[in-house]
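I would like each term to be given with its cut-offs.

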Amino acid sequence: MASDGVPPPLIAAQLNYLLNHFPLSVKVDQMWSGSKYYPGVLDRFTIAIPYCLDVVKWDVIYNVESPMSAPDVIFGPDDENFHPLSAKSKTDSLLDDWNSRDPTRLMALIQELRDRYVEYQKKRVAEVDDDRLKFEISTIVFREGIEMYMSSGAEKPEEVRFAVPLTDMNIDKMVPGCPWRHPPKIYLQVMYPVGRKYGSAPSAPRLKLVSTSELKAIFSIEDVKLPPWCMAEYLPHLEEFLEKQILEAVSLIDVRRRFIEALAPLFGRPLEADPVFCRKATFLAGSGVFTFLVHFMIPTQFPKLPPALMLQSSQHLNSQGVPLKSLPLTDYPWSPRWDVSLMAERIFEFLADEALNFKRYCNESQLQH
């Protein structure tokens with residue numbers, strides 16, 4: 001179905017604007033040509049649009065033989081009852097007044113369709129005959145930005161999924177020099193089984209915390225142990241708990257910074273160092289005439305967990321011409337209760353011995369090649 005080729009300029013301009021300016025991270029899944037006369041001109045594509053912590057895939061169908069016409073949009077097989085044009089709406093005016101030379105038009109169309117898809121899924125969920133689910137919805141429906149999805153089908157268990165935005169902390173403003181374009185977001189994913197009746201006990205929903213990738217630089221969401229589900233009181237308590245965890249994670253940036261600074265009197269100024277999150281640093285070290293780099297990879301849980309050290313020879317290469325490196329080293333004297341200066345001293349002492357082992361390994365590796 002996919003083929004080599006390029007989209008025509010007007011379609012390419014609209015697609016590029018969508019990919020670069022849509023509020024969420026839209027991706028092109030595949031592109032192909034629908035014309036037997038211009039098989040190298042790609043006028044159709046599938047886009048993956050984030051929704052409810054997953055994606056929905058829609059086909060956008062232009063016609064290269066009628067370049068001034070608006071595209072058709074084909075929705076997924078699970079959404080055959082989604083008819084956003086069945087009633088007079090803003091979407092109609094976007095299509096009726098289509099301007100193929102306006103690069104913003106496709107993005108406006110997809111945004112409007114996604115907004116209507118949110119309402120469509122909310123309506124589907126509201127129609128589920130489950131009293132407990134209806135009560136749950138009544139306790140969280142007031143929250144801004146919540147998304148719902150009804151999953152059903154012959155091969156799928158009936159399940160309602162919620163994506164609930166959590167704490168609105170401006171984490172990016174807490175970290176000087178933060179490079180994030182947008183502050184990290186955290187969501188609670190609630191997966192609620194429905195349709196099980198006739199005396200079976202109601203199942204508790206499955207819960208999962210999900211965050212945007214930026215948060216990983218300071219905080220691991222996978223390490224958070226979620227409390228048991230308790231309906232209306234759950235979200236405020238969870239948000240308060242998360243805020244405390246994130247504030248602690250931000251405070252640990254300064255602890256990591258002081259640790260890197262404590263290494264400098266022993267190793268010299270770092271060749272490289274992460275100035276914002278203080279997760280990485282590289283120093284030049286030596287043992288006699290043998291010189292090597294020491295890469296420090298500092299976990300977000302520091303000082304509870306020690307840094308992983310990786311040694312890299314500046315004098316030995318493998319058969320591909322790549323500098324020889326050690327495996328990550330974490331088995332060395334360490335206590336999270338030590339002052340950072342003592343941590344640095346113990347690592348320096350450890351490396352004085354480990355450098356001899358690493359030099360031997362490098363020499364033996366080169367002899368084998």
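This is a predicted model: local features need pLDDT of at least 70, side-chain atom pairs count only at pLDDT 80 or more; totals for chains, interfaces and linings use all residues.

With which residue does Asp-29 form a salt bridge, and how far apart are the closest N and O atoms? The partner is Lys-57, and the closest N and O atoms lie 3.4 Å apart, where a salt bridge is a side-chain nitrogen of Lys or Arg within 4 Å of a carboxyl oxygen of Asp or Glu. Asp-29 lies in strand S1 (residues 27-32) and Lys-57 in strand S3, so the pair ties together parts that are 28 residues apart in sequence; helices (H or I, at least four residues) and strands (E, at least two) are DSSP runs, numbered from the N terminus.

Residues are numbered from 1 along each chain as its sequence is written, and side-chain values use heavy atoms, with hydrogens and water left out.

Asp-29 counts as partly exposed at 42% relative accessibility, and Lys-57 counts as partly exposed at 43%; buried means under 20% relative accessible area, exposed over 50%, and partly exposed in between, with a 1.4 Å probe and protein chains only. The structure holds eleven salt bridges. Another of them joins the side chains of Asp-43 and Arg-44 at 3.7 Å, N to O; here Asp-43 is buried, with a relative accessible area of 0%, while Arg-44 is partly exposed at 22%. Asp-102 and Arg-105 also form a salt bridge, with 3.5 Å between the closest N and O atoms, and a network of salt bridges links Asp-97, Asp-102 and Arg-105.

Leaving aside neighbours within four places in sequence, Arg-114 is in contact (heavy atoms within 4.5 Å) with Phe-22, Leu-24, Ile-49, Pro-50, Tyr-51, Trp-58 and Glu-147.

The nonpolar interior comes next. In soluble globular proteins, nonpolar side chains tend to be buried together. A nonpolar core is a set of buried Ala, Val, Leu, Ile, Met, Phe, Trp, Tyr and Cys residues joined through side-chain atoms within 4.5 Å, and the largest one in this model has 71 residues, with Phe-162, Leu-188, Ile-218 and Phe-296 making the most contacts inside it. Helix H6 (residues 234-267) gives the most to this core, with 15 residues. A second, separate core of 30 residues includes Val-56, Trp-58, Val-73 and Ala-163. Returning to Ile-218, and not counting residues up to four places away in sequence, this residue touches Ile-171, Trp-180, Ala-249, Val-250, Ile-253, Arg-256, Phe-277 and Thr-300.

On a 1 Å grid over the protein atoms alone, a cavity is a set of points where a 1.4 Å probe fits but cannot get out, and a pocket is an open set with protein on both sides within 12 Å along at least five of seven lines; lining residues have an atom within 4 Å of a point. Grid points are joined across faces, edges and corners, and a volume is the space filled by probe spheres set on the points.

The largest pocket has a volume of about 1400 Å³ and is lined by 41 residues, of which Pro-23, Leu-24, Lys-185, Tyr-187 and Thr-212 lie nearest its centre. Among the elements that give two or more residues to this lining are helix H1 (9-21), helix H3 (105-126) and strand S8 (206-211). The second largest pocket holds about 330 Å³ of space, and Phe-219, Gln-245, Leu-252, Thr-300 and Gln-301 are the closest to its centre of the 15 residues that line it.

A search of the whole structure finds one cavity of 30 Å³ or more. The largest cavity holds about 50 Å³ of space, and its lining consists of Glu-136, Ile-140, Phe-162, Val-164, Leu-188, Val-190, Tyr-192, Trp-229 and Leu-235. S7 gives the most to this lining, with three residues.
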